[in-house]
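Morning, everyone. Please have the structure open on your screens while I talk.

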Amino acid sequence: MLSTVEELKLIARCIASDDRDAFGRLVDAYQDSLRRYLLNLTLGDACLTDDLAQETFIKAWSSIRSFKGLAKFRTWLFRIAWNEYISYRRRERPTADLDTPGADVADSDVHSATEANMDVQVALKALSPKERTVVLLYYLEEMPVKKVVEITGIPEGTVKVYLKRAREKMAVALSN
Amino acid sequence: MMDKQDKEIARLFKQELPAAGKDPWFTRRVMNRLPHRQSRRMSPVEVACIIAVCLLIIVAFIIEGTIIISSQQIFVRDIVVMSTLTMMSLGVGGWIISPYLKN
């Protein structure tokens, strides 16, 4: 894991001299958590995860000069990833709604090793894409509500409502 | 702040949700797809300033050269002025060609 200082040095090298090696180190540092988030957001679609993750890093490289350092790089990267996911859904399913649970169930290729594993993934499937991203960012990526708001652009009140709703749905799914 | 239920859900997520498998080639694939940066074009104002500075340096060289030839003597002042003009020429020249050398 990169420290804040190391991260800022790498970003400065990318901006000042288009240092691809520095950007490669950033990709190495963040690819695991980004790919894990996208894998669970897409309900286990490994191919889509790989595509979205690559597109996220390519977009990050192209627009790195617009990174002002006000948010952490990780927050900025995850925001790009969420926007890439929304763009993908709009292209593939222009009529599907991000607030509707189960709208993307057909995408999934759920793989599970244990019963508990299956239960958690079933519980995630019961959430809408917006609820799912909020839940993954808050619980899996351990981001505070303010960071979730920055990444998704969803108002804080709505994020808290989604988390409350998600807890209720998860409790129902996990008890079943 | 996470309460007890939140912590339990977080623990379950970390334990049970799949992680994307290790992919040693992922970074290489991303790097191969990165677009090359486009070099910044100079604005007309920047070009005009560079031409003006170059002309000033050339004029200064000519004037100083004329002074040295007409006086038929070289003073310390002449050496300092010529050295300064040479350094300025090298500096401006280096600044102009450095983007091309970098590419």
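Predicted model: local features only at pLDDT ≥ 70, side-chain atom pairs only at ≥ 80, totals over all residues.

Residues are numbered from 1 along each chain as its sequence is written, while chains are lettered from A and ligands numbered from 1 in the order in which they are written.

Chain B first. It has 4 helices and 0 strands. Helices (H or I, at least four residues) and strands (E, at least two) are DSSP runs, numbered from the N terminus. Of the 103 residues in chain B, 5% are buried. Buried means 20 or more other C-beta atoms within 10 Å of the residue's own; exposed means 12 or fewer; partly exposed is in between; C-beta atoms are placed from the backbone.

Now, how many residues does each chain bring to the contact? Chain B brings 20 and chain A brings 26. Two residues are in contact if their C-beta atoms, placed from the backbone, lie within 7 Å. On the chain B side, α1(B) gives the largest share, 7 residues. That side divides into 13 nonpolar, 2 polar and 5 charged residues. Nonpolar here is Ala, Val, Leu, Ile, Met, Phe, Trp, Tyr, Cys and Pro; charged is Asp, Glu, Lys and Arg; the others, Gly among them, are polar.

On to chain A, helix α1, residues 4-17. Which of its residues are buried? Leu10(A), Ile11(A) and Cys14(A). They sit on the same side of α1(A), because they cover an arc of only 95° around the axis. That arc is taken from the directions from the helix axis to the C-beta atoms. On the other side, Val5(A), Ala16(A) and Ser17(A) are exposed. The cover over the buried residues includes α2 and α4 of chain A. Just after the helix, Asp18(A) takes a positive phi of about 50°.

Next, α3(A), residues 46-62. Its buried residues include Leu52(A), Phe57(A) and Trp61(A). What covers them includes α2 and α4 of chain A, together with α2 of chain B.

Last, the largest nonpolar core. It has 50 residues. Such a core is a set of buried Ala, Val, Leu, Ile, Met, Phe, Trp, Tyr and Cys residues joined through C-beta atoms within 7 Å. α2(A) gives the most, 9 residues. Tyr37(A) is among the residues with the most contacts inside the core. Beyond neighbours within four places in sequence, Tyr37(A) is in contact with Phe78(A), Ala81(A), Leu136(A), Leu140(A) and Glu141(A).
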